[in-house]
Amino acid sequence: MNKPADWNGALEALREAKVVALACHVNPDGDALGALLGMSLALRKMGKTTHPTWGTPTATVPYNYAFLPGADSVVKPGSLGEVDLFIAVDCGDDSRLGSVKDAFKKAPRSINIDHHPGNDDFATLNIVITDASSTAEIVTRMLEDLGTPFDRDIATCLYTGIVTDTGRFQYANSSPEVLRLAADLLARGVPATAIAQEVYESAPFGYLKLTGHVLERAKLLADHGFVYSWFTRKDLKDTNVSSEETEKLIDLVRSTRDADIAAMFKEQSDGTYRVSLRSKGPRSVGTIARANGGGGHELAAGFTAKSVEDAVKAVIEGLSAQVQG
Ligand SMILES: [Mn+2]
């Protein structure tokens, strides 16, 4: 992991700040929350006041991450007061900050800690490391350099971020270096088995029913090596599953050997569909997402489409372009 030009400047800003706001991206995943809370707890340990949040009205921690130390310290995004420093974690661009974007821009100093390719350096100090496994990994390295003593709680947050963003150390962003870092975190007493149960085996029963709808609907376009499915707001209502609880549905459809590209289309409150894309490699879904106004990594990316039909069309066009290119 190479350290970017702003590395020392960011460490200095962290040392100097007294009151710090932190935000991860909207609809946070394990890495966003792990990096957010790990950094927040570490800063508190350094004697600073912190306000961790993200830019959706209630900023409610999803049930499967509610166990994270510091989850009860998350504040509503509307309650942020004056701060000396604002930190964004795991946000590929500033639109991912949602309703706290203006407050972020107004802060006297800001740090953007992220690993998404295409991050446009939207802060005053930018720690964007695209070959890092996760934002939690970057935060871990920053805390090491700051000399912050890690406790079990901080290590638990950071380990959770690394485990979830590497798909439990199974994706291409895992490496011997990442496993060694995770081992160092585990050595601080991280309850790895309990984390696995909380994150992966704590779904409400309705989630199983939603899974049934999604799998029943799945379509395979064998010529394109592409499998997809979708769900609506009504599906969520009928099964009593919240939108935040659906991030792992994509992993179900990607589990077939008959496709290397998988997509999940999720109806939003305005009737559009949020498209999540996954590739088993080497074909890039990042290229497809960016061509459609979205963003992400080469193997995991997303964009927004007007309808399921539009989304399918956009992905097929993107895949065809790559074959020809
Ligand atoms: Mn991440």
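Which hand does the crossing of H2 and H5 have, left-handed or right-handed? The crossing of H2 and H5 is left-handed, where a crossing is called left-handed if the near helix is turned anticlockwise from the far one by less than a right angle, and right-handed if clockwise. The model is predicted, and local features need pLDDT of at least 70, side-chain atom pairs count only at pLDDT 80 or more, and totals for chains, interfaces and linings use all residues. Residues are numbered from 1 along each chain as its sequence is written. Helices (H or I, at least four residues) and strands (E, at least two) are DSSP runs, numbered from the N terminus.

**Helix H2 with helix H5**

- The axes of H2 and helix H5 (residues 152–165) come within 7 Å and cross at roughly 160°, with axes taken as lines fitted to C-alpha atoms, for helices over the stretch in contact, and angles running from 0 to 180 degrees between N-to-C directions.
- H2 and H5 are therefore roughly antiparallel to each other, given that angles under 35 degrees count as roughly parallel, over 145 as roughly antiparallel, 65 to 115 as roughly perpendicular and the rest as oblique.
- The contact involves residues of H2 including Gly30, Asp31, Leu37 and Leu41, and residues of H5 including Asp153, Ile154, Cys157 and Asp165, two residues being in contact if their C-beta atoms, placed from the backbone, lie within 7 Å.
- The residues of the contact of H2 with H5 divide into 7 nonpolar, 6 polar and 3 charged, where Ala, Val, Leu, Ile, Met, Phe, Trp, Tyr, Cys and Pro count as nonpolar, Asp, Glu, Lys and Arg as charged, and the others, Gly among them, as polar.

**Helix H4 and its packing**

- Helix H4 (residues 135–146) has 12 residues and spans 16 Å from its first C-alpha to its last, close to the 16 Å expected at 1.5 Å a residue, the expected span being 1.5 Å times one less than the number of residues.
- The buried residues of H4 are Thr135, Ala136, Glu137, Ile138, Val139, Thr140, Met142 and Leu143; a residue is buried if 20 or more other C-beta atoms lie within 10 Å of its own, exposed if 12 or fewer, and partly exposed in between, with C-beta atoms placed from the backbone.
- Helix H2 (residues 30–45) and H4 have axes that come within 8 Å and cross at roughly 20°, and the two helices are therefore roughly parallel to each other.
- On the H4 side, this contact is made by Thr135, Ala136, Val139 and Leu143, while H2 contributes residues including Met39 and Ala42.
- H4 and H5 pack at an angle of about 145°, with their axes 7 Å apart, through Thr135, Ala136, Glu137, Val139 and Thr140 of H4 and Leu158, Gly161 and Ile162 of H5.

**Backbone features**

- Most residues other than glycine have a negative phi, and most peptide bonds are trans.
- Alanine 59, in the loop between strand S2 (49–54) and strand S3 (85–89), has a positive phi of about 45°, and alanine 59 counts as buried with 22 C-beta neighbours inside 10 Å.
- Aspartate 90, in the loop between S3 and helix H3 (101–106), has a positive phi near 65°, and aspartate 90 counts as buried with 30 C-beta neighbours inside 10 Å.
- The peptide bond from glycine 281 to proline 282 is cis, with omega near 0°, and proline 282 lies in the loop between strand S9 (273–279) and helix H11 (285–291).
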